[in-house]
Amino acid sequence: MTMALRFSEIDAGSLAEVGGKAANLGELTRAGLPVPPGWVLTTEAYRQVAQGLDPSGDGLAERARRHLLEAPVPAAVHEAIVKSYTELGAELGGDVPVAVRSSATAEDLPYASFAGQQDTYLNVIGSEAVVDAVRRCWASLWTDRAVAYREANGIDHAAVRLAVVVQVMVDARVAGVMFTANPVTGRRREAVIDASPGLGEAVVSGAVNPDRFVVDGGRILERHAGDKRLSIRSVPGGGTERVETPYEGLCLTDDQVRALAELGARVEDHYGAPQDTEWALDEHGELWLTQARPITTLYPLPERTRPGLRVYFSVNVAQGVMGPITPMGRSAIRVISGGAAGMFGYGPADPRDGAPFLSVSGQRLWFDLTTAVRSRVGRALAPRMLTLGEARAVPVFEQLIGDPRLSLVQTSRRPALRALLRFARRIHAPSRALLALTRPAKALEYATGIGDRLDRRLQVPDSATPAQRIDHAERVLTHTFATIVSVMPMAVAGYGLFALASKLSGVPLSDMQDILRSLPNNPTTEMDLELWDLATRIEAEPFREQPVAELVRRYRAGELPPVAQREIAAFLRTYGHRGVAEIDLGVPRWSDEPAHILGVLANYLRMDGAADLAPPALFAKGAQEARAAIDRVAAAARRRGRWRAAVVRFGLRRTRQFAGLRELPKFYVVKTLAGVRRSMLKVGEHLVESGVLGSAPDVFFLGMEEVRAALGGGDLRQVVAERRAAYEQESRRRHVPRVLLSDGTEPEALASADSAAGALTGTPASAGTIKGVARVVLDPIGAHLEPGEILVCPSTDPGWTPLFLTAGGLVMEMGGAMSHGAVVAREYGIPAVVGVADATHRITTGQEIEVNGAAGTVTLM
């Protein structure tokens with residue numbers, strides 16, 4: 001297939017299979033933007049040459065390039081190139097210098113953009129030179145970097161198409177790149193311009209330190225002069241040369257900078273999204289736009305429900321779930337949030353709409369914290385709460401308080417106090433706390449009894465219709481929160497007494513952390529210890545010799561040795577509702593996919609170690625050290641008065657009884673989500689029988705209301721396929737902001753990473769110092785951690801904690817002193833530092849590091 005068309009003749013549909021530059025340039029020309037004239041040539045010739053090559057074989061890239069460079073250009077293609085180039089010369093006069101640029105379907109995608117993936121050839125003169133440059137562009141589809149890029153983004157090599165764009169050269173006096181949104185801070189409509197004398201290749205390739213300008217609304221915010229010691233220029237007769245040309249001052253005037261920014265705004269308006277552009281300024285002072293592609297690194301903005309600048313905090317980051325949440329998972333959390341907001345008196349008219357402060361972006365959930373930032377009560381309470389759960393957000397919050405756009409507007413404390421009192425009354429907080437203080441056994445009985453009540457509430461008769469199942473799910477999600485959260489006053493009482501003991505004894509909280517080791521009544525640590533104990537009871541043979549996939553097959557077929565088969569099934573009956581990213585009911589549970597648990601058991605059974613290093617022994621030792629710490633703090637209190645010692649000892653005993661309940665509400669929430677998940681799978685089976693869906697799990701890619709509507713019939717298989725593809729794309733995103741403003745700014749990006757003298761700093765989470773080998777883990781499923789290795793990860797939820805039993809230490813990018821990973825690390829006595837910026841990038845597997853959990857430092861050895 002061959003096409004030789006002027007951009008003015010191109011319609012967007014004809015280039016639907018061609019990469020970004022070709023289609024973009026055609027659209028920009030029609031939009032009246034200053035694009036150099038040119039034409040597009042697409043061909044399948046390179047596919048014919050590369051046909052039969054194994055996409056996964058060694059040396060693919062080198063062999064494909066060699067074949068393409070050695071094969072003759074098909075005669076029809078050669079003729080089309082020569083004819084089109086001749087016509088261009090007849091119109092513009094003589095042999096016209098052109099730029100020959102490649103554009104592939106795997107380049108400049110909505111979710112991934114890799115500039116320079118294929119090759120560009122500048123100042124090409126003569127028809128045969130253009131033919132040769134086109135051939136080399138085809139071959140550049142198989143450069144090592146292009147193949148690696150496609151592998152990393154899951155793009156099928158055989159499905160890639162290539163277009164070669166031939167543009168009339170702009171003999172640039174100055175050229176460069178322009179982002180129409182700030183790629184570092186994320187701020188939209190803040191143009192960032194890099195400029196240097198000569199052709200733009202010097203800037204794009206990084207061969208020069210360019211001048212940099214930042215423009216917002218016509219105001220030039222920054223002017224930074226680069227050294228610009230090198231420029232790339234066209235050579236008469238064809239090709240380019242690099243010239244050493246020291247350049248004093250700035251290469252653009254203020255008027256030219258503003259004109260560029262205005263051009264960038266027009267391009268962004270044309271495409272409806274921020275753009276990464278290349279531009280050139282010719283010798284006559286005319287601006288040309290040579291390329292435009294979307295900026296794919298910007299995090300999408302949350303849906304805005306209120307005017308003005310808004311502040312959003314990531315629910316995903318706070319929960320240790322870095323990936324996206326399925327549509328039904330988001331729908332379920334909206335319903336829960338609607339019921340929770342109602343307990344404070346701010347619930348929506350329909351709980352299914354969710355709390356008014358909940359937003360969605362990037363298929364993740366966000367809290368709108370604007371009210372907290374702009375109220376006196378919020379400014380007092382939010383930093384304290386963030387310190388416990390997500391410490392790195394505290395300086396960001398304090399920075400936002402100083403932003404004049406977020407000035408104080410709510411000075412009265414009364415609305416917040418009324419809401420808190422209303423909430424406290426509805427969960428009977430005073431009576432629950434009093435029960436914990438005076439009748440601890442009765443309080444614990446109440447807390448554990450909630451699980452039995454939940455089990456009864458989650459039961460749905462087999463005869464229930466799909467519509468009845470949806471009604472039941474929404475009812476359970478709306479009202480369960482009130483029951484579950486009633487446990488929290490007991491846990492809060494425990495931590496409150498912990499703080500009181502510190503005050504009465506004069507011992508700092510940081511010196512009392514041993515008291516929080518090996519806490520009883522924590523369902524997560526109980527689960528981990530039960531899993532370890534399970535490994536000591538089952539037959540070891542198949543787990544030491546067979547891969548996890550075979551273990552899963554045998555378990556599902558009932559073919560594991562009898563004790564293992566029975567005991568694993570019993571474990572999953574109790575804890576099978578848990579899993580990684582468990583706040584998303586669309587994600588499989590351990591009972592659905594037991595590979596993670598079977599893999600952990602296999603790792604445990606392959607270990608050889610001393611009995612005193614086994615987790616149960618370490619847990620018992622931690623409890624003993626906690627009792628000794630209580631004696632030490634009580635002795636310090638006694639020196640201040642006998643009554644103080646008695647109160648401290650009483651308080652710390654209650655702390656140990658109830659602080660572990662902190663994990664219980666989430667345990668119950670996840671149990672509720674798992675119950676709803678089971679019921680929704682039944683609805684999914686009905687929709688499969690009706691021809692609406694292709695498989696029962698497809699139901700999780702619909703929201704609750706969409707599922708209800710689907711009961712009336714239709715075909716949603718294509719909708720689900722598109723959403724699955726979008727979900728998979730979003731799952732590849734590595735960076736999720738902790739805090740995001742509605743103008744796109746990531747406040748944390750404005751601050752430099754905290755590092756000094758080879759040490760990475762974070763928040764102290766669990767005291768102790770350990771030197772060891774780092775193991776960077778991004779996904780716990782299938783991860784193997786040798787005993788004593790230091791786990792380095794983005795964040796954790798309970799699905800990660802089986803790894804803690806063999807970890808020597810913990811380093812986490814997210815979290816605060818009371819975040820999940822920090823709490824569990826303290827209970828296990830593992831030195832831990834949390835909130836370490838970019839830890840998974842700055843530390844590599846196998847590297848020796850030292851973790852100081854008291855100082856909050858990680859030293860690279």
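Helices here are DSSP runs (H or I) of at least four residues, numbered from the N terminus. I use that numbering throughout the entries below. The model I am reading is predicted.

**Entry 1: loop residues with positive phi**

I looked up histidine 428 first. Histidine 428 sits in the loop between α14 and α15, the latter spanning 429–438. I read a positive phi of about 55° there, although the residue is not a glycine. Most residues other than glycine have a negative phi. I then checked the cover. Histidine 428 counts as partly exposed because its relative accessibility is 43%, and that class lies between 20% and 50%.

Next I went to asparagine 521. I found it in the loop between α18 (488–505) and α19 (523–537).

**Entry 2**

In what order do the strands of the open sheet run? I wrote down β9-β8-β7-β6-β12-β13, six strands with antiparallel pairing. The edges are β9 (219–224) and β13 (287–294), each of which pairs on one side only. From one strand to the next, the twist averages 20°. For the record, strands of a sheet pair through backbone hydrogen bonds.

I then followed β7 (residues 188–197) and its neighbors. How many bridges join β6 to β7? I count seven, between residues 172–181 of β6 and the antiparallel β7. I noted two partner pairs. Glycine 176 is bridged to alanine 195 in β7. Valine 177 has aspartate 194 in β7 as its bridge partner.

I also looked at the turn of this hairpin. Six residues lie between strands β6 and β7, and glycine 186 takes a positive phi near 85° in the hairpin.

On to the next strand. Six bridges join β7 to β8 (residues 211–216), and the two run antiparallel. Here alanine 195 turns up again, standing opposite aspartate 211 in β8.

Is β7 mostly covered or mostly open? I find it mostly covered, with nine of its 10 residues buried.

**Entry 3: a nonpolar patch**

I turned to the surface. Which residues form the nonpolar patch? I list Leu381, Met385, Leu417 and Leu420, with about 380 Å² of accessible area together. Two helices, α12 (376–389) and α14 (414–426), each supply at least two residues of the patch.

Patch members need over 30%. The loop that holds histidine 428 runs between this helix, α14, and α15.

**Entry 4: cysteines**

How many disulfides does the structure hold? I found zero. A disulfide is a covalent bond between the sulfur atoms of two cysteines. I checked the cover of two cysteines as well. Cysteine 137 is at 0% relative accessibility and therefore counts as buried. Cysteine 793 also counts as buried, because its relative accessibility is 0%. The cut-off for buried is under 20%.

Methods
Residues numbered from 1 in each chain as written. Predicted model: local features only at pLDDT ≥ 70, side-chain atom pairs only at ≥ 80, totals over all residues. Heavy atoms only, no water. Disulfide = S-S within 2.5 Å. Buried < 20%, exposed > 50% of the residue type's maximum accessible area, 1.4 Å probe, protein only. Patch = residues over 30% accessible without salt bridge, like charges linked within 9 Å, V, L, I, M, F, W, Y side chains within 5 Å. Areas by Shrake-Rupley, 256 points an atom, 1.4 Å probe, with all protein chains shown as cover. Salt bridge = Lys/Arg side-chain N within 4 Å of Asp/Glu carboxyl O. Pairing = 2+ DSSP bridges. Axes fitted to C-alpha atoms, helices over the stretch in contact; angles between N-to-C directions.
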